[in-house]
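Here are my notes on this model, written as numbered points. Keep the structure open while you read.

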Amino acid sequence: MNALTDIVLENREYRAEFSSARGATCFRLLHKPSGRNILRTPNSEDELRQNVFLYGNPVLFPPNRIRGGSFTFEGREYRFPLNEPQNNCHLHGALYEKPFSAEKVSKSRVVFRFAANSGEYLGFPHAFEIVRKYVLDREGLTEEFSVKNCSENNMPFMLAFHTTFIAEECSLKQRVGREQLRDGHFLPIGDYASGRARDRAISAGAYLIGQEHLSALYEAEEGTAWIRDLYRDYEIMYTMSDEYRYRMIFAPKDAGYICLEPQTCLIDCFHLNTPPEQNGLIVLAPHESRLFYTKIQLKRKR
């Protein structure tokens with residue numbers, strides 16, 4: 001087991017390693033028959049600190065950037081720390097680094113929990129509970145992610161995962177629609193683009209990962225993405241439930257990895273020209289729960 005992880009699920013096909021101390025992140029997913037590590041795994045604490053978002057599947061709440069670190073919802077002002085001061089933004093929340101309690105139900109199942117009272121989590125003025133439930137079977141790793149609003153007011157909720165896959169000599173297929181265009185501070189400019197050669201290549205499965213620097217948020221037109229080995233007989237399938245309406249795709253040139261980030265909302269959804277609910281904001285009524293789903297598996301090419 002990696003020194004960073006403390007929970008292991010294992011069967012004949014897969015081995016998955018998790019850190020309850022670091023947001024219930026899955027830091028390693030190994031497909032045994034092929035010997036292929038699917039997720040990018042840090043080798044040490046020092047390596048992880050270089051960029052905590054580029055390993056495993058860290059959870060982002062709230063995801064991406066919030067301009068000025070604040071927004072207004074139902075007449076209430078919400079303020080988050082400006083943890084990216086060079087862009088005057090709040091970035092990615094802090095749930096990925098919070099300790100979760102862990103209940104290992106069996107060799108194939110584990111449940112992680114995190115609860116916060118009003119104001120305890122980055123000043124967020126709602127009590128809430130998060131559960132990350134993982135099930136490992138012969139088909140791969142499934143996560144059921146649930147959130148419960150434990151407060152007496154409607155709660156705004158936005159979610160993403162910075163899931164980072166090893167992708168050396170691979171292509172990407174994900175049917176995408178419009179891209180939300182951004183400025184030099186990585187914030188949306190209120191405009192979109194679609195139908196370009198890159199967009200068509202991604203949708204058709206002809207996009208070569210690492211051929212250029214790619215950082216783009218797209219509307220997702222299909223719930224499954226494929227990372228296909230060019231010279232080996234395997235492909236990764238990453239399947240997401242319908243709540244994840246958007247995909248942030250980040251793949252630096254020649255880096256050997258890709259971040260496929262299922263995201264429920266547009267970037268900075270409160271500061272666009274349309275209501276945030278139209279931009280993917282989820283509103284949880286008092287004591288309401290919501291369930292989300294993802295699955296990672298390695299399969300032989302079709």
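1. Start with two terms. Strands (E, at least two residues) and helices (H or I, at least four) are DSSP runs, numbered from the N terminus. Two strands pair if DSSP finds at least two bridges between them. With that in hand, look at tyrosine 14: its bridge partner in strand 3 is histidine 31.

2. A word on the source. This is a predicted model, in which local features need pLDDT of at least 70 and side-chain atom pairs count only at pLDDT 80 or more, while totals for chains, interfaces and linings use all residues. Residues are numbered from 1 along each chain as its sequence is written, and side-chain values use heavy atoms, with hydrogens and water left out.

3. Strands of a sheet pair through backbone hydrogen bonds, either parallel or antiparallel. Here four strands form an open sheet in the order 1-2-3-4, and the pairing is antiparallel. Strand 1 (7-10) and strand 4 (36-37) are its edge strands, each pairing on one side only.

4. Strand 3 and its partners. Six bridges join strand 2 (residues 14-19) to strand 3. Strand 3 (residues 25-31) meets strand 4 over two bridges. Leucine 30 has asparagine 37 as its bridge partner in strand 4. Six of the seven residues of strand 3 are buried (under 20% relative accessible area; exposed is over 50%, partly exposed in between, with a 1.4 Å probe and protein chains only). Strand 3 is therefore largely enclosed by the rest of the structure.

5. Two hairpins. Five residues lie between strand 2 and strand 3 in their hairpin, where glycine 23 in the turn has a positive phi of about 70°. Four residues lie between strand 3 and strand 4, and glycine 35 in that turn has a positive phi of about 70°.

6. Nine strands form an open sheet in the order 10-11-12-13-27-23-22-17-20, with antiparallel pairing. Strand 10 (101-106) and strand 20 (207-208) stand at the edges with a single partner strand each, so one side of each has no neighbour in the sheet.

7. Strand 12. How many of the ten residues of strand 12 (residues 128-137) are buried? Seven are, so strand 12 is largely enclosed by the rest of the structure. Strand 11 (residues 109-116) pairs with strand 12 over eight bridges. Phenylalanine 114 stands opposite isoleucine 130 in strand 12. Ten bridges link strand 12 to strand 13 (residues 140-149). A hairpin of two residues joins strand 12 to strand 13.

8. Strands 22 and 23. Strand 22 (residues 224-229) and strand 23 (residues 234-240) run antiparallel, joined by five bridges. Tryptophan 226 has methionine 237 as its bridge partner in strand 23.

9. The cores. A nonpolar core is a set of buried Ala, Val, Leu, Ile, Met, Phe, Trp, Tyr and Cys residues joined through side-chain atoms within 4.5 Å. The largest has 70 residues, and Phe18, Leu29, Phe157, Phe165, Ile227 and Ile258 have the most contacts inside it. Apart from it lies another core of seven residues, including Leu4, Phe27, Tyr55 and Tyr257.

10. Arginine 302. This residue sits in the segment after strand 27 (289-300). Is arginine 302 buried or exposed? Arginine 302 is exposed, with a relative accessible area of 70%. Not counting residues up to four places away in sequence, arginine 302 touches Trp226, Arg228 and Glu235 (contact means heavy atoms within 4.5 Å). Aspartate 233 is 69 residues away from arginine 302 in sequence, yet their C-alpha atoms are 9.2 Å apart.

11. Backbone points to check. Most residues other than glycine have a negative phi, and most peptide bonds are trans. A cis peptide bond joins phenylalanine 61 and proline 62, with omega about -5°. Proline 62 lies in the loop between strand 5 (59-60) and strand 6 (65-67). Asparagine 88 is not a glycine, yet has a positive phi of about 55°. Asparagine 88 counts as partly exposed, at 43% relative accessibility. Aspartate 268 also is not a glycine and has a positive phi of about 55°. Aspartate 268 counts as buried, at 4% relative accessibility.
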